[in-house]
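Let's take a walk through this fold together. Have the sequence and the 3D view open, and follow along residue by residue.

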Amino acid sequence: MAIGKEILTKIRSVQNTQKITKAMQMVSTSKMRKTQERMRLARPYAEKVRTVMSHLAQTETDHGIKLLEPHREVRRAGFILMTTDKGLCGGLNANVLKKFLAQVQEYQGQGIEVDVVCLGNKGLAACQSIGLNVIASAVNLGDTPKMELLLGPLTEIFQRYEKHKLDVIHLVYSGFVNTMRQEPRMEVLLPIGQNEIEEVNADSQYVWEYRYEPSPVTVLEYLVRRYLESVVYQALADNMASEQAARMVAMKAATDNAGNAIKELRLVYNKSRQAAITTELSEIVAGAAAV
């Protein structure tokens with residue numbers, strides 16, 4: 001019964017793996033609900049900042065704020081790439097990196113150089129492995145997005161845009177659609193689209209002017225940074241919700257596959273055990289007949 005013992009060892013090993021994947025599935029389910037709630041709560045702040053900033057940007061046309069000035073020609077592009085710190089979340093990171101690398105190759109084909117800010121360990125490792133210029137990074141972000149961990153990398157890439165070292169900045173992340181679907185997204189973070197500003201103000205119900213202290217331009221300059229940071233924070237919250245949803249689905253599939261593997265191994269074990277019993281009975285009968 002040496003073969004039977006080997007099969008039993010495999011069954012126990014798969015059962016232990018199944019317990020781990022089941023536990024990870026339950027943990028991801030709990031975390032996903034929290035990240036969804038955090039993602040929902042972050043939206044009102046971002047929308048209000050965007051509304052006030054857009055109103056000021058249209059009323060104060062001579063503001064001189066470099067973050068609101070579009071560049072005529074794209075000579076160098078920047079990317080804020082969001083991935084996860086851990087694996088075991090299906091094809092989430094692979095889909096984001098595929099979309100990101102396609103745009104990078106398009107820029108490189110046009111002779112445009114690329115700088116990358118990586119938020120997440122998987123994206124950082126991928127960029128370093130193919131030799132992209134990573135100007136800043138933030139890893140080990142945890143399960144709760146913290147703005148203080150993002151300020152350093154964001155300040156670096158925004159300053160490069162202000163100094164005309166970058167002409168466009170893309171934001172790449174996994175957008176949360178629902179529990180079963182997460183899609184890779186790429187948005188132009190800078191320059192801020194004029195049509196987007198006009199659309200916000202067209203929907204606004206307020207037509208009067210406000211009085212700002214110390215000055216409208218100072219408030220606008222502050223709000224532009226807060227707006228950009230809120231967009232990145234919202235994208236990071238989406239990315240973390242997508243991570244937990246993808247991990248929950250992947251761990252559920254792994255748990256189900258482990259169950260199917262256990263059934264197949266038990267069937268093989270029962271067949272081998274029955275064959276061994278049949279062989280022993282045949283030997284006993286043959287021995288009795290010989291006597």
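Start with Arg 43, which touches Gln 234 and Asp 238 once residues up to four places away in sequence are set aside; contact here means heavy atoms within 4.5 Å. Arg 43 sits in helix α1 (residues 2-59), where helices (H or I, at least four residues) and strands (E, at least two) are DSSP runs numbered from the N terminus. Arg 43 and Tyr 233 are 190 residues apart in sequence, yet 9.8 Å apart in space, C-alpha to C-alpha. With a relative accessible area of 38%, Arg 43 is partly exposed; buried means under 20%, exposed over 50%, and partly exposed in between (1.4 Å probe, protein chains only).

A word on ground rules. This is a predicted model, in which local features need pLDDT of at least 70 and side-chain atom pairs count only at pLDDT 80 or more, while totals for chains, interfaces and linings use all residues. Residues are numbered from 1 along each chain as its sequence is written, and side-chain values use heavy atoms, with hydrogens and water left out.

Now for the sheet. It is an open one of five strands, ordered β3-β2-β1-β4-β5, with mixed pairing; two strands pair if DSSP finds at least two bridges between them. At the edges are β3 (133-138) and β5 (181-190), each pairing on one side only. On average, neighbouring strands are turned by 20° against each other, direction ignored; axes are lines fitted to C-alpha atoms, for helices over the stretch in contact, and angles run from 0 to 180 degrees between N-to-C directions. Strand β4 (residues 168-178) pairs with β5 in the antiparallel sense over nine bridges, and Gly 175 stands opposite Glu 183 in β5.

Two helices to look at next: α2 packs on the sheet by touching β1, β2 (113-119), β4 and β5, and its direction makes about 180° with that of β1. Helix α3 (residues 121-130) packs on the sheet too, touching β1, β2 and β3, with its direction at about 150° to that of β2.

What about the nonpolar interior? A nonpolar core is a set of buried Ala, Val, Leu, Ile, Met, Phe, Trp, Tyr and Cys residues joined through side-chain atoms within 4.5 Å. The largest has 35 residues, and those with the most contacts inside it are Ile 80, Leu 119, Phe 158, Ile 169 and Leu 228. Helix α6 (216-290) gives the most to this core, with 11 residues. Beyond its neighbours within four places in sequence, Phe 158 is in contact with residues including Leu 67, Leu 189, Arg 225 and Leu 228. Apart from that core lies another, of 17 residues, among them Cys 118, Leu 124, Cys 127 and Val 172.

How many disulfides are there? Taking a disulfide as a pair of cysteine sulfur atoms within 2.5 Å, the count comes to zero. For Cys 118, the nearest cysteine sulfur is that of Cys 127, 3.7 Å away. Cys 118 is buried, at 0% relative accessibility.

Most residues other than glycine have a negative phi, and most peptide bonds are trans. Leu 88, however, has a positive phi of about 60°; this residue is in the loop between β1 and α2 and is exposed at 55% relative accessibility. Asn 140 has a positive phi of about 55°, and lies in the loop between β3 and α4. A cis peptide bond joins Leu 190 and Pro 191, with omega about 0°.
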